[in-house]
Structure formats: C-alpha cells, structure tokens
Amino acid sequence: MSVDTTVAVAKGRIMDVFQDLWNQAGFPWPIHGKSRQLWFPPNQDRPGLIVARARDVSILVARGIADFGVVGMDVLEEYPDPGVMRVMNLKRAECRLVLAGQSAKWPEGPLRVATKYPHITRQFFQKRGHPVETVGLSGSVELAPVIGLAPYIVDVVDTGQTLQQHGLTVVETILWSTAQLVANPGSWRIRESTREFHQKLGTIIDKKAGAT
Amino acid sequence: MQRWLKENRRQYETFLRVVNFLLREGFDPVPTDPLRNEEYRTDHTRAMVDLLGSFPQLQTSPPLKLFATGPLFHTRRSVWAQAVDVEILGSEGEIDNRQLLGILKDLVAQLAPDLSDQEYTMVYGQVDWLKRYLVAMGCAPEDYQELYRWLQQGNLQAVEAKILEYPGGNVGLLRPQPSEKFFPALNASVPITDPEGIPENWTTLWDLSLVGNWSYYSGLVFTLYHNRTGQVLANGGRFGIKTPTKTFAGAGFTIYFDVWQEALAGPDGYVHVS
C-alpha cells in the first residue's frame, strides 16, 4: 500500500518527528546511521523518500517530483506556493515564531529587525501599521542584537534557551508552527494511493490526539 | 544538435497545428503584452479583456471567440512557460460548457494524437456550488471569502478544520469523487437542478476544493491532469471580469505547452516521432 508514493521531507527536527510517524505507519525507515544519501526510491515495502532543505520541499512537490512534502508551517508562510496543497496538520515539531529583543517592551518608532523570515516579518508589522526594515540573515539570528546589527529579531523558538543565552526576551508570538503535510494537487486529486497514504497518517494523528 | 533542432521543429509544428485549428474554428487572435501594469504577464484572460474594454462597442452576438499565445510568468518558480489561452466571451446564457469543453477535447487531439483518453483525468469544481455548500454547512456569508481565499492558496487543511467546527460539518465534497457519488452527496446539502451538462470525455472527478487560479471565476472550473506526471495540462472555467468600463462574462481555458512536452516525452526527455 502507498508504495508508489514519494515524500519529500525537510531535514532536521521535522525529519526526526516524521520518522516516528513513518514507523508507526508500518514502513521501514530507509536512512541508516550517518548515511548522507538523500534519495530513496519507492520499493515494495515503503514509499519513496527525498531528504531536502525545508524551503525546497514545496518546489519538489509542486513540480511533481514528490507526491507529498513534510515541512514546517513557518516555512510555508514565508515561501507561500499555490502550487501545493496543505492537506494535514501533523501536530508535531511544535515551535513558535516570535519577535524578540533585549526587553519585552513593544518597540517605539521605526525599527530594524534581523530575521530569516522577512516576508512574515513585513506582513506582521504591516498589519500593526508599524514601519519596519528587515535585515535578511540565513542563520545565527539571535546574534544580531548582541553585535548591534538590529535591536530586534524574528526567529523560531523551541525551548527559548538560545534566546536566554543571548539576553533576549520574547516580545510577542507571531505564529505557532507545526509540521504540515503538503501534497501535489494533481497527485492528490487523481491518485488513489496518495489519498490512502494521507488517510494512513491521519489515523495515526487522530489516535494520538485522542490519547492526549 | 540535430536531435535538438528536430525537437524544436516538432514543438513548433505542434504549436502551429493548435493555432491553425483555432483559426479554422473561427477564433480571432489577440496579442497581449508580456509586461502588464509593470509586472510580467501571468494571465492572458485579464490582459485580453483589458484590451477589449478599450473599444466603445463590443460584438456580443454571436459570442466573441478569441485566443492569445505567448509565455506566462510563474512568479514562484521565476520561469516563463509557453501557453495558449482560449476564450469565449458573451452574455452568460450564450456560453455553453459543452461547446468549450468540446474545443478543449479537439485541441488535446491536436496536441497529442498518440495519447489515449485513459492518460488524462479531468477534475471539475464549481465556485457557486462551493459557496452554497459552505453556507449550508453553517459558514457565515462573511466567512466565505476567507475560506475561498484559503482554497485558492491551497490551504485545504485550514478549510476542513473550519468546516468541522460547524455542527454537522462534512468535508466529503472537498475531496475528489466520481460524478455518481458527488451529485447525490451535493444534493443532500444543496439542491442542484442543473448539473452543468458536462461531457465526460475523460476520467472525470468532481472536487469543490478546486476553485481555479483566479478570483474572477464565477461558476464551473476545471483542470485537466496528466495521469503519469500528475501535472496540469490545461485549466480554466467560467468567469466574470469587471474592467473600469465594462463587465465581461465568458469561459475559457489555458493549455500549457511545456507540460505537454513533459507528458509526451520519453525517459530521455525527447518526444520520439515516428
């Protein structure tokens, strides 16, 4: 069942939680040890798996390379792609996207924000009618206030430990994010095997939700 | 290089076949500008009605039959893709779904004479039925716009979660179903007197989560998928577009040449012509 389906999964924390779901669905996880292999074609025991960078997952799904993608809601909101359908909240890999600074006070006047999420940040401040300049960074965002690049940051927070270590405090939560299952619209609509895979994951998610 | 040139020639011949077919069927070409309002062209239909709106008088009977060719820009992928857009413009009652879908069927035969009907699946949606269905489920009319926007953005999960909050909410019609299951289920919530007179030229599914790419769609919408690649070969629907001077009712579709090439290509990426 579902073995002609291919899933592109974002490497990192999302992949760790997805491995658990995959195993519960009865499929053997194809990545062993420290393998650097990124493409595991489907076989008779399990669907195919592609390990990808988070922001590439939607592209692989929209182009039909993968039937499904597993990626965080934060990434989907930052890089919206109408070429994919969000078909399930996997309710795992929870984290939040926050505005943080050296004090919890809402900023006064025009401000500069360092972030990996310039699109979400601009939308957030636009809704508040607050002028903002974003500084796009690709990592170590929490350093920005410490080294004087920008007094505020917008970044993903899991436990809050990294913020604390850099003397930063959450000002406001912008978005609660969880892992999302996205589908190629064509595959979703015309392939029975795609919807079977979705149903299988849905049963596991619902069972877990019912148990908690 | 010879192979590449031969392939280009074949693609161009296919393109000419499509254009000649449309000319023979009485469609008039409309040149649209690749740059519109300082943005790259992403849609021919809107550009065509803007041009037509600049004329004081429109020929409305019989309906205007038009087509436009040229690449469309995919913003997310930052690529241009070759497309042909076919439109029938006129008053609402004049446009027959069967006529439009018949033209699509004939064009498919021009594009891919060697592919059988089993290689395609046609999925239909209906924007007006979706609205009535959601309202019947308990959706407040003012919430409809938000649910519709989510569907346009592909956020089915958010729409389903919202519907399941309504007492008796049921998401079944937002999943693809064959006509024989879809219409009884739809009629249980929303009585439909006219099932749109759709010819079932290919494997046909109905799915109210299909709302089309553009907010001007007002009734039937459709997407023709290629079964092997899962890609969109053509899509379109009925629409109403307001320009500053006129309102246009019509129906049409876009066929995507690049996707057709992928559908027709062998494992080496080339189309083998006998």
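I began with the lining of the second largest pocket in this predicted model, and found that its largest share, three residues, comes from α3(A). I took a pocket as an open set of 1 Å grid points over the protein atoms alone, where a 1.4 Å probe fits, with protein on both sides within 12 Å along at least five of seven lines, and lining residues as those with an atom within 4 Å of a point.

I noted that 24 residues line this pocket, and that A:A54, A:D74, A:V75, A:K116 and A:Y117 lie nearest its centre. Domain 1 (6-93 + 178-211) and domain 2 (95-177) of chain A both give residues to the lining, so the pocket lies between them; the domain bounds come from an automatic or database domain assignment.

Next I looked up the largest nonpolar core, which has 129 residues, and in which A:F18, A:L90, B:L104 and B:I255 have the most contacts. Such a core is a set of buried Ala, Val, Leu, Ile, Met, Phe, Trp, Tyr and Cys residues joined through side-chain atoms within 4.5 Å, buried being under 20% relative accessible area with a 1.4 Å probe, protein chains only. Helix α3 (residues 97-111) of chain B gives this core its largest share, seven residues, helices being DSSP runs of H or I with at least four residues, numbered from the N terminus.

I also listed a second, separate core of 14 residues, which includes A:L97, A:F125, A:Y152 and A:L175.

For B:I255, leaving aside neighbours within four places in sequence, I recorded contacts (heavy atoms within 4.5 Å) with residues including B:V18, B:L104, B:L233 and B:W260.

Residues are numbered from 1 along each chain as its sequence is written, and chains are lettered from A in the order in which they are written. Local features need pLDDT of at least 70 and side-chain atom pairs count only at pLDDT 80 or more, while totals for chains, interfaces and linings use all residues, and side-chain values use heavy atoms, with hydrogens and water left out.

Definitions and conventions:
Buried < 20%, exposed > 50% of the residue type's maximum accessible area, 1.4 Å probe, protein only. Helix = DSSP H or I, 4+ residues; strand = E, 2+ residues; numbered from the N terminus.
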